[in-house]
Amino acid sequence: MTKNGHIIFAVTTAIFAKRFELNSVMIQADWWHLIPAVLISCLIPDIDHPNSLIGQKLRWIAQPISLTFGHRGFTHSLLALIILWLSKFTFFKNLVIPDDIFQGIILGYFSHIIADILTPAGVPLFWPYRKRFRFPIINNNKNKKIEKRVCFSLFGCVILFPMYFPLLVKYIALLYIKII
Ligand SMILES: [Zn+2]
């Protein structure tokens, strides 16, 4: 998925988590904390690719990660997500990070993994077990517009829910029929 796709998908995930009140932190979460947090973390998994946006900025980290794990390896797994979560209680335990910012960071990272599952290459979700998990509804090689359509449709869903929900279900069903 492209970086723009990841950004839209991450913002959509944040709006979903807040509007559907996924947990007590999300109920209280400040939009000005949540959205920047997901924007910061949603591109981090691609640190394993030296030509990605974050890889270009932090080449000295990206290069060794890429050589060790390859693209869409460890950084695209649940293990990386768990280590990120544990970092709050280990590496960053002396740092005061508001809960909504921390959960936003986790959410942004998680949204990247989910978004990559929607592409044909998939991700090794349970790395080091190398089987790739995929639900390839977004194939940019087949249709350049499909990524934008899926991302903006999901964005529309979370923004307009519940008012236009029946209309949106119809639209997504039509879109899905077109894809398959
Ligand atoms: Zn990725």
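The site of the zinc ion is irregular, with angles of 89 to 175° among its 4 donor atoms. Four donors count as tetrahedral if all angles lie between 85 and 135 degrees; four count as square planar and six as octahedral if opposite donors are over 155 degrees apart and all others between 65 and 115; anything else is irregular. This is a predicted model, in which local features need pLDDT of at least 70 and side-chain atom pairs count only at pLDDT 80 or more, while totals for chains, interfaces and linings use all residues. Residues are numbered from 1 along each chain as its sequence is written, and side-chain values use heavy atoms, with hydrogens and water left out.

Which residues coordinate the zinc ion? They are D46 (OD), H76 (NE2), H112 (NE2) and D116 (OD), at 2.1 to 2.3 Å. Donors here are N, O and S atoms within 2.8 Å of the metal (3.2 Å for Na, K and Ca); water is not among the atoms, so sites may look incomplete. The spacing of the donor residues in sequence is D-x29-H-x35-H-x3-D. D46 sits in the loop between α3 (31-41) and α4 (53-57), and H76 in the loop between α5 (59-69) and α6 (78-87), so the pair ties together parts that are 30 residues apart in sequence. Helices (H or I, at least four residues) and strands (E, at least two) are DSSP runs, numbered from the N terminus.

I turn now to the helices. Helix α1 (residues 3-19) packs on helix α7 (residues 99-117) at an angle of about 120°, with the axes 9 Å apart. That makes α1 oblique to α7. Axes are lines fitted to C-alpha atoms, for helices over the stretch in contact, and angles run from 0 to 180 degrees between N-to-C directions. Angles under 35 degrees count as roughly parallel, over 145 as roughly antiparallel, 65 to 115 as roughly perpendicular and the rest as oblique.

On the α7 side, L107, S111, H112, I114, A115 and D116 meet H6, F9, A10, T13, A14 and A17 of α1, where contact means heavy atoms within 4.5 Å.

For α3 and α7, the packing angle is about 40° and the axes are 7 Å apart. These two helices, α3 and α7, are therefore oblique to each other. From α3, the residues H33, L34, A37, V38 and S41 meet D100, I101, G104, I105, L107, G108 and Y109 in α7.

The axes of α1 and α3 cross at roughly 145° and come within 9 Å. Here I7, A10, V11, A14, I15 and K18 in α1 meet W31, L34, I35, V38 and L39 in α3.

Finally, the backbone. Most residues other than glycine have a negative phi, and most peptide bonds are trans. E21, not a glycine, has a positive phi of about 45° and is placed in the loop between α1 and α2 (24-28). The peptide bond from W127 to P128 is cis, with omega near 15°, and P128 is in the loop between α7 and α8 (146-160).
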